[in-house]
Amino acid sequence: QRAAHGPGRRSVGTVMAEGSQQAVPGMQIWIDADACPVVIKDILYRVADRLELPLTLVANQGLRVPPSRFIRTVQVPSGADVADQEIVRLLNPGDLVITGDIPLASDVLAKGGFALNPRGEFYTKDNIAQQLTMRAFMEELRSGGVDTGGPAAFSQSDRQQFANSLDRHLSKHHRKPAAPQT
């Protein structure tokens, strides 16, 4: 059973801004970066720069990211769910979290955020309970010695589905900041 993430938790991560990070009001994208496919990160890097949208990668190891004032990393200590806890602690309602971790997605939804997996499927209040139940069932089978296989290989259609879902979400929930008037 996963412990709830309380609002009183303190930061366990180190924020390393790439360039001069300025706060941009509105939505932010968070990546559960340890298991996120590189092709998905690449899509998100381009989106962050194009839309001037803050993008934060959270991982328990150092990450190389392109130089951008909109992209930063947070490195957390190694340990079960440490990166997940930090994402939940830092995110605001309306933020988007990219993760394949179902318990993290559940916590994100509970805090008012949006959760999208790297295959382009949104976790919702309607489907999260079923996915948590299926995850627990599969863990029980594996602990009993049943070989359940793994997820299908990440495909070009998964990449396209992710890009399409991200685009639809951002069209609905994000406005690019207006250029300063001179």
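A residue counts as buried under 20% relative accessible area, exposed over 50%, and partly exposed in between. I keep that scale at hand while going through this predicted model.

**Entry 1: Gln160.** I looked up Gln160 and found it in helix 5. Its relative accessibility is 37%, so I put Gln160 down as partly exposed. I then checked its distance to Ile40, which is 120 residues away along the chain. The C-alpha atoms of Gln160 and Ile40 are separated by 9.8 Å.

**Entry 2: salt bridges.** How many salt bridges does a search of the whole structure find? My search returned two. I took them one at a time.

**Entry 3: Glu86 and Arg89.** Glu86 forms a salt bridge with Arg89, and I noted 3.2 Å between the closest N and O atoms. Next I looked up accessibility for both partners. Glu86 has 2% relative accessibility and therefore counts as buried. Arg89 has 26%, so I recorded Arg89 as partly exposed.

**Entry 4: Arg119 and Asp158.** Arg119 forms a salt bridge with Asp158, with the closest N and O atoms 2.5 Å apart. This pair links distant parts of the chain, the two residues being 39 residues apart. I located Arg119 in the loop between strand 6 (114–116) and strand 7 (122–123). Asp158 belongs to helix 5, residues 156–173. Is Asp158 buried or exposed? At 14% relative accessibility, Asp158 counts as buried. Arg119 has a relative accessible area of 23%, so I listed Arg119 as partly exposed.

**Entry 5: helix 3.** I went through helix 3 (residues 102–110) residue by residue. Seven of its nine residues are buried, so helix 3 is largely enclosed by the rest of the structure. The buried residues I wrote down are Ile102, Pro103, Leu104, Ala105, Asp107, Val108 and Leu109.

**Entry 6: the two ends of helix 3.** What reaches the backbone nitrogen of Leu104 at the start of helix 3? I found a side-chain oxygen of Asp101 there, within 2.8 Å of that nitrogen. Leu104 is also one of the buried residues in my list for this helix. Past the other end, I noted that Gly112 follows helix 3. The phi of Gly112 is positive, near 90°.

Note on methods
Residues numbered from 1 in each chain as written. Predicted model: local features only at pLDDT ≥ 70, side-chain atom pairs only at ≥ 80, totals over all residues. Heavy atoms only, no water. Salt bridge = Lys/Arg side-chain N within 4 Å of Asp/Glu carboxyl O. Buried < 20%, exposed > 50% of the residue type's maximum accessible area, 1.4 Å probe, protein only. Helix = DSSP H or I, 4+ residues; strand = E, 2+ residues; numbered from the N terminus. Polar contact = N/O pair within 3.5 Å; in protein donor to acceptor, adjacent residues only side chain to side chain.
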